[in-house]
Every structure is written in structure tokens, then in C-alpha cells.
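Please look over the sequence and the structure shown here before turning to the briefing that follows.

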Amino acid sequence: MRRAFLAGVDRESGKDYSFRKEWIRRRMEALASVFGIDVLSYAVMSNHLHVILRNRPDVVASWSDGEVAIRWLRVFPGRRMEEHLAEPTEHEVKKLAGNAERIAEIRQRMSDISWFMRSLAEPISRMANKQDECTGRFWEGRFKAQRIVDEAGLLACSMYVDLNPVRAAMASDPEKAPHTSAFDRIQAGHGKQIDSAAFDLKAVPTEEAAKQIRETPVDELREKLKAKKRNPTGKRIRRDAWLAPLTLSPEKLSTDAELNRDGLRASDKGFLHVSIRDYLRLLRWTAKQGIAEASEKLPKSLATTLSQIGIDASMWRDLVWEWQRYFGKSICVGSPAAMRQDAERCGKHHYSGQAAASACFT
């Protein structure tokens, strides 16, 4: 088993593998374009990853059988004799879409977080193993999942994730912490764009694919495939366009799927009743509170925002910076009342951390 900084500077060899963080970010971006799963927040660290996901079976239910098929084949093209033949054809999409039993199974998987994480981990592992000339897992083990049960828990958890590089002393503030959702949102606010990693959701015409294979040299096909992997759709997008919008729309019903029509993410549904401006203000303020002695008073407007969501403003700094103390051993995150309701729903008496967190919520 590897015990190294897989996406940072390896302490044993001194090699810098930080470039792999972009591998992971781009893979998440690509998967966000095909799975029925919203990526809310993330932070890629040197030897682990934090990501907040929201599965969307309602979105997947709206897709046609053909849409389900092309999305699946983009992620899992199946066994092929040569890598350069990995583009799914219209015939393959139609054949899969016609298998009702298989499509029903795939629909379920397309909003399954375990399948999303599997689809993220396996290609990264193959790439790293090839580079390191070794075999085995890239990550130490299966991911650990925590269920977030209310908006108060979601705000605190998102802030904790975005501030991980600051907490780890890898960056002095969120603006200097790339490979986080906060950095992407800040950069997008400055007008920054990137080459889209979204999958192309159009199948290759069968006749065209056959003609290319017959008439194009193998090396040329491989180069074309490599170029398309760098920017499958040829689009330039806002740096945060693949992430779920932060702010919930007051004009939309909670049952509205808010489907994304650009092929960049599952939906356009936000996840907090907080504006991006206030979120970033709170994020920057919280980032400065790492040293308790240097704490500043929380601006009144931000304290009001926290109170409206159900968080004790005087305990906010402690809740985010001491997150592991409150929720590190829990399978559930949220206010004590919401955690208690979820425990009852699952036939449990309570969750770990429920009592300790009570001081942080109103």
C-alpha cells in the first residue's frame, strides 16, 4: 500500500506530484457533466479529497433512454481492442438504449454516489500507477460518507471543505488555494475561464466511425483522441460553471429539478439561502480566525445570516475550525434537532456528535 503525498510533494522521494490535483479536478468536472449528481463543494488535498455531493434521481428520471446510454458509454466505453476506438457510436447507443432491463439498472447507478466515486478513483489510479510503474490502489481505502441533513450543517460543512488548505497551512487565504470550490467561484467572479472537461454527449455516426478506422492511421487516431480528451466539446466556460450554483433561487419550488441544458452539470439548483457575496465574505472572515487570539468580531450582517440559518454566531469560528471534534466520528451532519429527527427515521436513538454540537446551534 502506498503511504505518500499522492498529489503533493512526496516526503520520501522529494518528487512533486501536485499536478495530479488537476487530474482529479478535471475528472470530477467531466463526471459532473454526465452523472445525475451535483458537486456542491470540494477541496483536493495532497493525500486526500473532500467533496460534497447531492444525488439527483429526479434529474436522471427526466433523461431519455438514449441520453442515459450515451452518458454511460462516455464513462464506461466497455472492452475495446484499442484505446483509440473508445468513441461510442450511434449504433452502440441505440443498442444499449433498447435493452430496457440494462437501462433501468444504469439509471439507478447514474445518481449513485458510490458509482460516482468509483468512476473518479479508478481512472486516476490507472494514470498514477502507469506513471509510478506500480499497481494497487491510489487512495488508501473506500471513501467515508457523511449525510448532511439540514442547511445549517451544509453551510458549516461547505465552509470547512473550502478552508481545508488554509487549515492545513497550505494557503494563507481562500484566494490562494487552487483546487477548491471557493477558488473556482472567486476566479469565476473575476471573469476567469477554463477549457471545459465536460464529456461530449453526441455519439459518433456509425458510418463516420467506420470510415475513420479504415482510412486514418492509428497514430493519428490516438492523437485526435488525446486532443478531444483535453477539451471534448471545444467550449470555454466560467471556472465554476461545472459546480452547482451556490445560491438557491427564491423563484423555484423545492421540487423543481432545474435541469442544466448546457451539458456541464446535472442541474442549476443552488444549495444555500445565502448569496455568493455573503458566502465569500463569511469565508474570508472565517479564514482569518485560525488563531483564536487574533479573532475579530463577526460583522453584524453575517451574524444575522448565521442566526437565520440556525447557527450560534458566537460559536461559528469554533464550529468550522474544530469540525473534527464535533462531527469527525459522526455519519450525520447538521443541527442537533435535524440529527435527532434523522436518527429516529433510521431507527437509532442518536448520532455521535449530536450532543457536542448543540452549543453551536440555536
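In this predicted model, Arg-147 and Asp-342 form a salt bridge whose closest N and O atoms are 2.5 Å apart. Arg-147 belongs to strand β3 and Asp-342 to helix α16, so the pair ties together parts that lie 195 residues apart in sequence. Arg-147 is partly exposed, with a relative accessible area of 33%, whereas Asp-342 counts as buried at 8% relative accessibility.

**Helix α16**

- Helix α16 spans residues 336-345, and its buried residues are Pro-336, Ala-338, Met-339, Asp-342 and Ala-343.
- When the helix is viewed down its axis, the buried residues of α16 fall within an arc of 160°, so they line one face of the helix.
- The face of α16 that is turned away from this buried side carries Gln-341, Glu-344 and Arg-345, which are exposed.
- The packing partners of the buried residues of α16 are β3 (147-148), α15 (323-327) and β6 (332-333).
- Just after α16 comes Gly-347, which takes a positive phi of about 75°.

**Strands β1 and β2**

- Strand β1, made up of residues 37-44, pairs with β2 in the antiparallel sense over seven bridges, and the two strands form a hairpin with four residues between them.
- Within this pairing, Ile-52 in β2 is the bridge partner of Ser-41.
- Strand β2 covers residues 49-55 and is mostly covered, since five of its seven residues are buried.

**Other salt bridges**

- The structure holds 21 salt bridges, and one of them joins the side chains of Arg-54 and Asp-38, with an N to O distance of 3.0 Å.
- That pair links distant parts of the chain, with Arg-54 in strand β2 and Asp-38 in strand β1, 16 residues apart.
- Both partners count as buried, Arg-54 at 19% relative accessibility and Asp-38 at 2%.
- The side chains of Lys-176 and Asp-173 also meet in a salt bridge, at 3.2 Å from N to O, and Lys-176 is exposed, with a relative accessible area of 52%.
- Salt bridges that share partners join Asp-38, Arg-54, Arg-56 and Asp-58 into one network.

**Two buried loop residues**

- Phe-35 is found in the loop between α1 (20-32) and β1, and with a relative accessible area of 0% it is buried.
- Leaving out residues up to four places away in sequence, Phe-35 touches Trp-63, Val-75, Arg-109, Met-110, Asp-112, Trp-115, Phe-116, Ser-119 and Ala-266.
- The C-alpha atoms of Phe-35 and Glu-296 are separated by 42 Å, and these two residues are 261 residues apart along the chain.
- Asn-231 has its place in the loop between α11 (218-230) and β5 (236-238), and at 17% relative accessibility Asn-231 counts as buried, because buried means under 20% relative accessible area.
- A polar atom of the side chain of Asn-231 lies 3.3 Å from the backbone nitrogen of Lys-235.
- Leaving aside neighbours within four places in sequence, Asn-231 is in contact with Arg-26, Asp-195 and Ser-196.

Methods: Residues are numbered from 1 along each chain as its sequence is written. This is a predicted model: local features need pLDDT of at least 70, side-chain atom pairs count only at pLDDT 80 or more; totals for chains, interfaces and linings use all residues. Side-chain values use heavy atoms; hydrogens and water are left out. Buried means under 20% relative accessible area, exposed over 50%, partly exposed in between (1.4 Å probe, protein chains only). The arc is that of the directions from the helix axis to the C-beta atoms. Contact means heavy atoms within 4.5 Å. Two strands pair if DSSP finds at least two bridges between them. A polar contact is a pair of N or O atoms within 3.5 Å; within protein, one must be able to donate a hydrogen and the other to accept it, and residues adjacent in sequence count only if both atoms are side-chain atoms. A salt bridge is a side-chain nitrogen of Lys or Arg within 4 Å of a carboxyl oxygen of Asp or Glu.
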